Amino acid sequence: MVAPRDTGPAVKTDGPAKPEAPRPEERRRSPRAAAPATATEQRLTGIPVSPGIAIGAVYDTSEEVAETPRRAITEAEADAERTRLSEAAAQSRKQVAKLKGRLAVLPEEAQEELEPLLDAYILMLGNSRLLRGARKRIGEELLAAETAVHDEAEAIATTILAAKDDDKAGLNRRAGEVREIARRLIRNLTATPFRSLKGVPVGAILVAEELTPADAALLEPGRIAAVCTEEGGADGHTAIMLRALGIPAVIGCHGLTAAAKRGDQAVVDGAGGFIALHPTAETLAAAKEGLAAQAKERTRLGKLRRLPAETLDGQIVELQANLEIPAELPLLDQAGAQGIGLLRTEFLFMNRKDLPDEDAQVSAYRMIVDAMGHDPVTIRVLDWGGEKEIEALAESVPMAVGPNPALGLRGIRLLLKRPELLEEQFAAILRVSTQGNVRVLLPMVTIPAEVAEAREIYERVARRLRRRGESLPDKLPPLGAMIETPGAALAADAIALEADFFAIGTNDLAMYTLAVDRAEIDVAHLYDPLHPAVLRLMQFAIEAALRLRMPVSVCGEMAGNPRLVPLLLGLGLRSLSMNASAIPRVKQAVRALNIDDCARFARRVMEQSDPAQITELVEKFGTA
Ligand code: PEP
Ligand code: MG
């Protein structure tokens, strides 16, 4: 245990006396960190979200300084700024408490070292000098909360560093600690991506407490060898984006940020779900073998590119790609995708302070539609809400945040409440619709009236564009509905009368059916798209569409799992949309199947009511 020391002014709080906390720098100087040559391998496991092996140096993002543009406020805004500060402090306390709750998985020595540190952080996020000072600056100097926190932290750090004390390292540590807490507060206050990902060295293994979808949108797949995080769930949007970008990734690794430090050598196995810090020679050799096998497999799968996705008995299956950011476009061609089954347009709205106007949207859609030639491009209108943060909208639509964002003003609900957003997006999509094979998709539909109302707006926008002299196709592109809530699935027969096609979003469907947040590590073990409740809802929606001969596809993550192909085909699906890198393996599965076998198999699965038995049946398919 680290010997108690005077906390000094930096961590002075009004709370009860606490055992002294070790400083962040001490943590970095722990025997393991100080002597990597003798360090033993430390293997941390998490959720495998994106396959692939990587060997590289850790790039720990948690120490990056968030950029804080200085902002002044008016006197009338001071109260609101103080409220923002209190909210950010509460959020920061929650984050640190969560990290503390996860210490149990670490070796005892590490727990003893870290627990007091995190306790001290929690105290500093209470009624500390830092927060009192920042509050005062808001009122007296009329500064925005983040500017006030920055200035107060710098003032405290300067006082500490100027102290007459021979223990210069100790002073540095204390100043660093104040700055660390200030950084967390500022990150939470500005709600901008936690870190600048620009400086990440090529080939690095990115380690972070959490990566938001907006952060993931900034990743350059060629630069990053792998990603590991402490937080997140397997089908959260961050995980989806990492898979789509083909970046090996493991998330939900407890103890990761405490254990990994910048520059540490590591091996990540995205399929095995682990990161090995300071790998042994044996681990390294196995990873190198894995890399070679991976390259071979890629060549083998590449040969499937030009072959049709056709079952043994001649049924053609449409295999399309989901696209989250334009950087993935080259991967679609390599994978042999037959179009885009889901273009998530959120990327256009992320990481910016203002909304993209109609022309900006037109150029983004045009680039994608052009790249896809005659293949279909299904453009989903903005699906904001839940875990996706869009700062540009957060300010103008504060009510969307609400106490329970996943059940609030999400997807089509927000767009119908703010029809000008929908009109602008419809107009941009319609303007590129003569150039390719476009379809339009509505997210988070729960009642038929939402589709009807959206269609009225769609047609009104088309009339206005025609009056303006824009040339549009005689028949407007099909307008479809996502089926991603139990309500929509059970009302699918009614929604089918309003929509031109269905795309079943199994990620949200599983989340809402099972009441399990898809991005939350603590309930990840309950998130199961093979739960019979989810499958029955899917079946209901698929049959409603098939009765009307209406196109229906699955575009949730289930579609990209080759093991689930027999079940999905057996349920009647002939169109699947997935991350591009999953297409070759899914095609391989399709080409080995017979539709009658699939139908028989699906009947057996649908007779089961126990999720574990369904999983077992799926795993054993073809072996009995
Ligand atoms: C889904 O919910 O399954 C889906 C495809 O939409 P998203 O993952 O973007 O929420
Ligand atoms: Mg969804």
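**Hairpin and sheet**

I began with strand 7 and strand 8, which form a hairpin with four residues between them, and I noted that Gly-273 in the turn has a positive phi of about 75 degrees. For my own reference, this is a predicted model, in which local features need pLDDT of at least 70, side-chain atom pairs count only at pLDDT 80 or more, and totals for chains, interfaces and linings use all residues. Residues are numbered from 1 along each chain as its sequence is written, chains are lettered from A and ligands numbered from 1 in the order in which they are written, and side-chain values use heavy atoms, with hydrogens and water left out.

Helices (H or I, at least four residues) and strands (E, at least two) are DSSP runs, numbered from the N terminus, and two strands pair if DSSP finds at least two bridges between them. Strand 7 (residues 265-269) and strand 8 (residues 274-277) run antiparallel and are joined by four bridges; I found Val-268 partnered with Ile-275 of strand 8, and Asp-269 opposite Phe-274.

I then looked at the pairing of strand 8 with strand 1, where four bridges again join antiparallel strands and Thr-45 stands opposite Phe-274.

Which way do the residues of strand 8 point? Phe-274 and Ala-276 point one way, Ile-275 and Leu-277 the other, and all are buried (under 20% relative accessible area, exposed being over 50% and partly exposed in between, with a 1.4 Å probe and protein chains only).

**Helix 3**

I checked the span of helix 3 (residues 78-101), whose 24 residues reach 35 Å from first C-alpha to last, close to the 34 Å expected (1.5 Å times one less than the number of residues). Its buried residues include Glu-81, Leu-85, Ser-92 and Leu-99.

**Ligand 1**

Of the 16 residues around ligand 1 (a heavy atom within 4 Å), I listed Arg-344, Arg-380, Gly-505, Asn-507 and Arg-518 as coming nearest. An N or O atom in the side chain of Arg-344 is 2.6 Å from an oxygen atom of the ligand, while a polar side-chain atom of Arg-518 lies 2.7 Å from a ligand oxygen atom. I also noted a polar backbone atom of Thr-506 at 3.1 Å from an oxygen atom of ligand 1.

How values were computed: Polar contact = N/O pair within 3.5 Å; in protein donor to acceptor, adjacent residues only side chain to side chain.
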